[in-house]
Amino acid sequence: MRFSEEFERRFAEMLGHYPTRRSVLVPMLLYAQDEIGSLTDEVITELAQRLELTDLEVRNVISYYSLLTTKPRGKYNVQVCTNIACMLVGGEELLEHCKKKLGVKNKGTTPDGMFTLEEVECIGACSWAPAIQVNYDFHENLTVDKMDQVLDQYSKKGTV
Amino acid sequence: MASLVSHPDEVRVVSKRFGKGATNIDRYLELDGYKAVQKSLGMQPDAIIAEVKNSGLRGRGGAGFSTGMKWSFVPKQSAQPKYVLCNGDESEPGTCKDRLIFEHDPHAVIEGVMIAAIAVGSHTGYIYIRGEYRYLSIIMQKAIKDAYAKGFLGKNIFGSGYDLDIYWHGGAGAYEVGEESALMESLEGKRGIPRIRPPFPAVVGLWGGPTVINNAETLAAVPPIMLGGAEWFAGLGTPKNGGTRLFCLAGNLNKPGVYELPMGYNLKKMIYDVGGGIPDGRELKAVVPGGSSTPVLTIDEIDVAMDFDSVAKTGSMLGSGGVVVLDDSNCIVKFALRTMKFYRHESCGWCIPCREGTDWLEKTLKRFHSGGGVMKDIDNIYYLSENMLGKTFCPLGDAAAMPTMAFVKKFRQEFEDHLEGKPCPFERTGKIEHLPVYA
């Protein structure tokens with residue numbers, strides 16, 4: 001199992017920040033997932049061994065955190081917030097629109113592997129609602145038209 | 001990047017460097033940066049704690065506990081290392097203020113952690129930022145690195161002989177981790193399951209050591225207090241509610257945004273003046289005053305001073321500063337359902353009343369909203385919520401129960417309008433999943 005140099009540098013550095021090895025687990029799982037695409041059996045075993053944990057202990061942590069996934073997502077994970085602040089100003093309509101436009105259900109991935117659609121809980125953009133995150137990038141004060149533009153941009157970016 | 005707003009009534013204390021390039025450490029230094037920590041290094045720890053106590057600063061995460069008091073609970077002598085932990089796991093629906101602090105003024109948070117550490121005799125601090133805020137963790141990591149490069153962190157800070165390390169830590173998506181004991185579990189690399197208290201974190205916290213846990217906004221308010229003085233800060237707000245607060249105005253408003261207003265600012269004015277009122281000629285229906293866990297206020301209750309004690313008198317809470325405004329086109333049952341869906345999703349399942357209660361309530365509210373409700377459900381929803389209160393390790397159970405009870409109590413008529421097969425009178429799309437009526 002090979003990670004990038006950046007990952008290894010970060011891993012080594014973060015180990016020095018805590019009195020126990022397993023403290024690096026949550027952030028490192030997220031960085032590993034960003035690199036590999038999902039938390040595969042191989043990633044889980046590798047991190048478990050490095051942190052002197054069992055695979056089960058690592059899986060137990062993964063299942064708690066909503067950003068962590070053992071199933072691959074599309075290149076762009078479109079996370080539409082429908083929590084209260086977004087709901088009041090059209091978050092649900094945005095989600096419905098995305099479902100139609102992308103032709104997938106919640107947590108579904110387009111056949112070309114470009115987009116995954118996910119309904120998410122509050123992303124901390126309440127004053128700029130309705131908002132979405134595509135991977136880690138925020139897109140705020142959206143309308144259906146703006147949403148189309150955002151998706152088209154990613155579509156272009158992804159095919160280059 | 002989140003856009004900034006302004007209003008003449010704002011008093012900028014925590015937000016004074018927003019939009020001024022203070023992520024750059026040299027710019028931060030020009031704008032009074034790292035002066036408060038140097039002043040604190042020359043003070044007795046007890047004097048720092050007294051200053052913060054006298055300032056009337058209360059926890060901005062939502063509980064509103066006196067910050068100075070919290071610090072004073074940390075034992076002077078400890079065989080275990082002591083820690084300071086900054087809670088930047090902002091996830092209460094309606095709240096988006098810490099995001100701006102991290103984006104515009106990360107060094108203020110670092111400086112706040114430093115002062116807290118000096119006050120309680122800790123040599124290690126952590127700044128926990130939620131996983132969704134990746135761009136902010138990048139900003140924070142750079143800020144910490146810059147502070148080390150200047151010699152502000154590490155060994156012998158500012159030549160004082162005091163050693164202090166501060167590290168960044170990241171989450172991976174979990175509302176419950178915003179609760180202090182779950183936050184510590186998460187930082188220790190575990191599921192964010194809350195711990196039973198007592199012992200409180202101030203005595204037994206991270207890895208068993210005494211730990212001070214404060215919200216990012218609380219810590220960012222500490223440097224200005226140390227520079228401006230407790231009296232000045234206390235005078236900005238109302239008695240026992242010192243300072244200002246970042247209010248996140250959201251929902252059906254003409255000018256939503258994050259505004260820094262004095263503690264005790266009138267809610268009605270906040271909605272109609274600062275927030276620009278309700279758009280599209282609609283009328284105000286209800287306000288959630290401090291994040292999704294705080295009981296809703298009706299239009300008759302909004303003439304209230306937004307400080308911890310005044311809002312508590314209405315039976316609600318000032319909470320995390322997330323003011324969510326609903327206009328009269330919205331259905332309260334649907335709003336209650338969406339709120340409960342969130343708590344059901346976020347419940348960790350450790351405590352049975354919360355795990356089962358949120359699930360049962362979501363199912364009942366869903367059936368209710370789709371016209372499958374019967375009269376006895378209304379009392380059942382209330383009764384179920386009531387029986388979750390105070391029966392869980394962490395306040396997530398309460399956070400789900402309190403707003404639900406208020407929705408039923410204050411908007412009972414609207415629940416009755418949904419009874420037995422009636423379509424939701426507010427549904428915009430006309431697309432509701434219809435479920436059978438259970439007699």
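Visitor: By which conventions is the model to be read?
Guide: Residues are numbered from 1 along each chain as its sequence is written, while chains are lettered from A and ligands numbered from 1 in the order of writing. Side-chain values use heavy atoms, without hydrogens and water; because the model is predicted, local features need pLDDT of at least 70 and side-chain atom pairs count only at pLDDT 80 or more, whereas totals for chains, interfaces and linings use all residues.

Visitor: In what order do the helices and strands of chain A run from the N terminus?
Guide: Chain A holds 7 helices and 4 strands. These elements are DSSP runs numbered from the N terminus, with helices being H or I of at least four residues and strands being E of at least two. Their order is α-α-α-α-β-α-α-β-β-β-α.

Visitor: How far apart do the C-alpha centres of domain 1 and domain 2 of chain A lie?
Guide: Domain bounds come from an automatic or database domain assignment. For chain A, domain 1 covers 5–62 and domain 2 covers 76–159. The separation of their C-alpha centres is 29 Å.

Visitor: What percentage of the residues of chain A count as buried?
Guide: The C-alpha atoms of chain A fill a box of roughly 50 × 35 × 25 Å along the principal axes. A residue is buried under 20% relative accessible area, exposed over 50% and partly exposed in between (1.4 Å probe, protein chains only). Of the 160 residues of chain A, the buried share is 57%.

Visitor: Why is chain B described as being as compact as a globular protein of its length?
Guide: Chain B contains 17 helices and 11 strands. The radius of gyration is taken over C-alpha atoms, and the globule rule is 2.2 Å times the number of residues to the power 0.38. For 439 residues the rule gives 22 Å, and chain B is as compact as a globular protein of that length because its radius of gyration is close to this, at 22 Å.

Visitor: What share of the contacts in chain B with a separation of 6 or more comes from residues 24 or more positions apart?
Guide: Contact means heavy atoms within 4.5 Å. In chain B, buried residues make up 62% of the 439 residues. Among contacts with a separation of 6 or more, residues 24 or more positions apart account for 70%.

Visitor: How far apart are the centres of the positive and negative side chains of chain B?
Guide: Lys and Arg count as positive and Asp and Glu as negative, leaving out His and the chain ends. Each charge is placed at NZ of Lys, CZ of Arg, CG of Asp or CD of Glu. Chain B has 49 positive and 50 negative side chains, and the centres of the two sets are separated by 2 Å.

Visitor: How many residues does domain 3 of chain B bring to the contact with domain 1?
Guide: Chain B is assigned domain 1 (25–233), domain 2 (244–327) and domain 3 (332–416). The C-alpha centres of domain 1 and domain 3 of chain B lie 34 Å apart. Their contact takes 13 residues from domain 1 of chain B, and from domain 3 of chain B the number is 10.

Visitor: Which residues of chain A does B:His345 contact?
Guide: B:His345 belongs to helix α13 (residues 332–346) of chain B. With 39% relative accessibility, B:His345 counts as partly exposed. Leaving aside neighbours within four places in sequence, its contacts are A:Ser66 and A:Glu121.

Visitor: Where in chain A does A:Pro130 lie?
Guide: Most residues other than glycine have a negative phi, and most peptide bonds are trans. A:Ala129 and A:Pro130 are joined by a cis peptide bond, with omega about -5°. The place of A:Pro130 is the loop between β2 (115–120) and β3 (132–134).

Visitor: What is the phi of A:Asn135?
Guide: A:Asn135 sits in the loop between β3 and β4 (137–139) of chain A. At 30% relative accessibility, A:Asn135 counts as partly exposed. Although A:Asn135 is not a glycine, its phi is positive, at about 50°.
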